[in-house]
Amino acid sequence: MEQLVDAGKTRAIGVSNFSIPQLERLLSFARIKPACNQVEAHPWFPQNEMLDFCKRNGIVFVAYSPLGTQPGGMHEIKARLMDDEDVVAVAEKNGVDPAQVLIAWALQRGTVAIPKSSTPSRIQSNFNVPELSHEDFQLIDEIIVRDPSKRNRFVNFDPIWGTSQFDYDP
């Protein structure tokens with residue numbers, strides 16, 4: 001991949017689903033560090049240690065599935081993140097959709113959120129996010145602190161990679 005940068009065929013290299021040990025190993029020998037690490041992240045699986053590691057090392061933390069996800073494929077659905085009572089309460093208080101609250105939380109914590117939608121109105125809504133008050137941000141940020149049973153990854157690569165669902169840092 002570094003040769004592609006050298007040849008001018010790409011400007012940056014990114015990785016996806018790398019753990020902290022994998023990033024540390026990569027950083028130990030890579031001449032060009034990854035510009036980003038794209039991982040699942042949302043209030044039920046915030047990956048705070050990964051976020052801190054990325055910030056310390058100048059790697060952009062890109063959050064996929066920031067709204068949770070819908071059933072199908074590799075997804076394990078226990079409940080819908082957008083139905084979380086705290087997310088709904090903050091959305092109602094601010095006059096926005098739960099999706100907008102989740103995107104605002106992701107952006108305010110310093111991540112790049114990449115929500116998926118094929119509906120034009122929802123795509124437009126994803127661009128119109130509020131700035132959460134400190135109180136609202138903390139309420140969303142501490143969901144799994146208050147209720148650890150909500151901790152959940154929606155995208156489960158475990159059968160493919162042979163790992164346990166929470167081999168990754170929270």
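The questions and answers below go from the whole chain to single residues.

User: What kind of model is this, and how are its residues numbered?

Analyst: This is a predicted model: local features need pLDDT of at least 70, side-chain atom pairs count only at pLDDT 80 or more, and totals for chains, interfaces and linings use all residues. Side-chain values use heavy atoms, with hydrogens and water left out, and residues are numbered from 1 along each chain as its sequence is written.

User: How many helices and strands does the protein chain have?

Analyst: Helices (H or I, at least four residues) and strands (E, at least two) are DSSP runs, numbered from the N terminus. Read from the N terminus on, the elements follow the pattern α-β-α-β-α-β-α-α-β-α-α-α-α. The count for the protein chain is nine helices and four strands.

User: What share of the residues of the protein chain counts as buried?

Analyst: Buried means under 20% relative accessible area, exposed over 50%, and partly exposed in between (1.4 Å probe, protein chains only). The protein chain has 170 residues, and the buried share is 42%.

User: In which order do the strands of the open sheet stand?

Analyst: Two strands pair if DSSP finds at least two bridges between them. Strands of a sheet pair through backbone hydrogen bonds, either parallel or antiparallel. Here the pairing is parallel, and the four strands have the order S1-S2-S3-S4.

User: Which strands stand at the edges, and why is one side of each without a neighbour?

Analyst: A strand at the edge has a single partner strand, so one side of it is left without a neighbour in the sheet. The edge strands are S1 (14-16) and S4 (112-114).

User: By what angle are neighbouring strands of this sheet turned against each other on average?

Analyst: Axes are lines fitted to C-alpha atoms, for helices over the stretch in contact, and angles run from 0 to 180 degrees between N-to-C directions. For the strands of this sheet, direction is ignored, and the average is 25°.

User: Which residue in S2 is the bridge partner of Gly14?

Analyst: S1 and strand S2 (residues 36-40) run parallel and are joined by three bridges. The partner of Gly14 in S2 is Cys36.

User: Why is strand S3 largely enclosed, and which of its residues is the bridge partner of Asn37?

Analyst: Strand S3 (residues 60-64) has four buried residues out of five, so the rest of the structure largely encloses it. S3 pairs with S2 over five bridges in the parallel sense. In S3, the partner of Asn37 is Phe61.

User: Through which helix does the chain cross from S2 to S3?

Analyst: A crossover is right-handed if, with the strands pointing away from the viewer, the path from the first strand over the helix to the second runs clockwise. This β-α-β crossover is right-handed, and the helix is H3 (residues 48-56).

User: At roughly what angle do the axes of H5 and H7 cross, and which residues make the contact?

Analyst: The axes of helix H5 (residues 98-108) and helix H7 (residues 134-141) come within 10 Å and cross at roughly 95°. Angles under 35 degrees count as roughly parallel, over 145 as roughly antiparallel, 65 to 115 as roughly perpendicular and the rest as oblique, so H5 is roughly perpendicular to H7. With contact meaning heavy atoms within 4.5 Å, the residues are Val101, Trp105 and Gln108 of H5 and Phe137, Ile140 and Asp141 of H7.

User: Is Gln47 buried or exposed?

Analyst: Gln47 is found in the loop between S2 and H3. Gln47 is not a glycine, yet has a positive phi of about 50°. With a relative accessible area of 5%, Gln47 is buried.

User: Is Gln3 buried or exposed?

Analyst: Gln3 is found in helix H1 (residues 2-6). The relative accessible area of Gln3 is 68%, which makes this residue exposed.
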